[in-house]
Amino acid sequence: GEAAMASGMSADEVRMFTKVEIDSLNDLQNRVMKACYAKCIARPVRNGELELGEMTCIDRCVPKYFETHEMVQKEFQRMVQVPR
């Protein structure tokens, strides 16, 4: 968005950059949902509401997944920036 415009990108480049960001966030959200559902939701699903244990597991799983993703992303950026 604003950072891209400030960097001198054209409107088309900003749109493409924004689409890539949105696609990346959607992908991350889908991976979190899939991983945490597989880990936390009892099989077979007994009713339409989450049980206490499932809610607790999800409350722990989602932030942990995002924290791990952020750590990996920072490490990757650090590796890319190291001169060879």
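Predicted model: local features only at pLDDT ≥ 70, side-chain atom pairs only at ≥ 80, totals over all residues.
Figure 1. Glu 54 has its place in helix α3. With neighbours within four places in sequence left aside, the contacts of Glu 54 are Cys 40, Ile 41, Ala 42 and Glu 49. One of these contacts, Cys 40, is itself among the buried residues of α2.

**Figure 2. Helix α3 and its buried residues.** Helix α3 is made of 30 residues. From its first C-alpha to its last, α3 reaches 44 Å, close to the 44 Å expected at 1.5 Å a residue. Which residues of α3 are buried? They are Glu 54, Cys 57 and Cys 61. The cover over the buried residues of α3 includes α2. An α-helix has 3.6 residues a turn, so residues three or four places apart point the same way.

**Figure 3. Helix α2 and its buried residues.** Helix α2 has 30 residues, and its first and last C-alpha atoms are 43 Å apart, close to the 44 Å expected at 1.5 Å a residue. Buried in α2 are Val 14, Leu 28, Val 32, Cys 36 and Cys 40.

Figure 4. Val 32 is part of helix α2. Is Val 32 buried or exposed? Val 32 counts as buried because its relative accessibility is 4%, under the 20% cut-off. Apart from neighbours within four places in sequence, Val 32 is in contact with Tyr 37, Val 62, Tyr 65 and Phe 66. Between Val 32 and Val 62 there are 6.5 Å in space, C-alpha to C-alpha, and the two are 30 residues apart in sequence.

**Figure 5. The largest pocket.** Rolling a probe the size of a water molecule over the atoms shows where empty space is left. The largest pocket holds about 170 Å³ of space. Which elements give two or more residues to its lining? They are α2 (11-40) and α3 (52-81). By class, three of the lining residues are nonpolar, three are polar and two are charged.

**Figure 6. The chain as a whole, for orientation.** The chain has three helices and zero strands, in the order α-α-α along the sequence. Of its 84 residues, 12% are buried. The accessible surface of the chain is about 7200 Å², and carbon and sulfur atoms account for 61% of that surface. Among contacts in the chain with a separation of 6 or more, 34% join residues 24 or more positions apart.

Key. Residues numbered from 1 in each chain as written. Heavy atoms only, no water. 1 Å grid on protein atoms, 1.4 Å probe; cavity = no way out; pocket = protein on both sides within 12 Å on 5 of 7 lines; lining within 4 Å. Points joined across faces, edges and corners; volume = space filled by probe spheres on them. Helix = DSSP H or I, 4+ residues; strand = E, 2+ residues; numbered from the N terminus. Nonpolar A, V, L, I, M, F, W, Y, C, P; charged D, E, K, R; others polar. Buried < 20%, exposed > 50% of the residue type's maximum accessible area, 1.4 Å probe, protein only. Contact = heavy atoms within 4.5 Å. Areas by Shrake-Rupley, 256 points an atom, 1.4 Å probe, with all protein chains shown as cover. Expected span 1.5 Å × (residues − 1).
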